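Dear colleague,

Please find the structure below, handed over for your reference.

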Amino acid sequence: ALHSIDIAVSASLDMRITMDVVLEQVVRNLQMDAGSIMILNPHSFTLEHIASRGMRTSAYKSCIHHLGESASGRAALEQKPVLIPDISEAPEDLKCPMFDKEDFVAGFFLPLMAKGQVKGVIAVFNRKAFNPGTEWLDFFEIIAGQASIAIDNSTLFNDLQRSNSDLFLAY
């Protein structure tokens, strides 16, 4: 899984392609039903969906995740994982309308951190109860680290291209 992600990171600067590979590996290797990656928009302080896997509907696209609101927003704001072992019993402030539409029972939200800054959130979902063990959590954190690096590299490259274009136009 890590080798596949490394190849995707080094072969493409297109963040969507890389995140699709990351989610494919996460969902398959962690035996989850679905996954989603959201990147932080630093101007609006919202998390925007960039990739998903295993979703039955497009309901996830309608969820807006502000920092501190919903499980994803809380994971990003507090910079720590959020586990919802039973979505039906979760506080309303952690829920998103997509949970019901997708029949999710459990969800795990992990902030994507690079150089001490939040870059986004990776979330995985199950349509049945699950209790992650230490190995599961370690593997998820390792893959999240790879995703964070890929997002950071892509962002840095895009910023460099934009600065280069601005400089070229100025001359």
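**Findings**

Among the elements that cover the buried residues of α3 are β1 (34–41), β2 (46–53), β3 (65–66), β4 (82–84), β5 (106–114) and β6 (117–126). Please note that this is a predicted model. Helix α3 itself spans residues 70–78, and its buried residues are Ser70, Ala71, Ser72, Gly73, Ala75 and Ala76. After α3 comes Gln79, which has a positive phi, near 55°.

The largest nonpolar core is made up of 25 residues, and the most contacts inside it belong to Met19, Val22, Val26, Ile37, Ile122, Trp136 and Phe140. Two or more residues are given to this core by each of α2 (15–29), β1, β2, β5, β6 and α5 (134–170). With seven residues, α5 supplies the largest share of this core. Apart from this core lies another, of 24 residues, which includes Ala75, Ala76, Ile84 and Leu94.

Returning to Ile122, residues that it touches beyond four places away in sequence include Val22, Leu23, Val26, Ile37, Phe108, Leu110, Phe140 and Ala144.

Arg127 also deserves a description. This residue is placed in the loop between β6 and α5. Arg127 counts as buried because its relative accessible area is 17%, and the cut-off for buried is under 20%. Its side chain reaches the backbone oxygen of Glu102 at 2.8 Å. Leaving aside residues up to four places away in sequence, Arg127 touches Asp33, Gly54, Met55, Arg56, Glu102, Asp103, Phe104 and Val105.

Yours sincerely

Key
Residues are numbered from 1 along each chain as its sequence is written. This is a predicted model: local features need pLDDT of at least 70, side-chain atom pairs count only at pLDDT 80 or more; totals for chains, interfaces and linings use all residues. Side-chain values use heavy atoms; hydrogens and water are left out. Buried means under 20% relative accessible area, exposed over 50%, partly exposed in between (1.4 Å probe, protein chains only). Helices (H or I, at least four residues) and strands (E, at least two) are DSSP runs, numbered from the N terminus. Contact means heavy atoms within 4.5 Å. A nonpolar core is a set of buried Ala, Val, Leu, Ile, Met, Phe, Trp, Tyr and Cys residues joined through side-chain atoms within 4.5 Å. A polar contact is a pair of N or O atoms within 3.5 Å; within protein, one must be able to donate a hydrogen and the other to accept it, and residues adjacent in sequence count only if both atoms are side-chain atoms.
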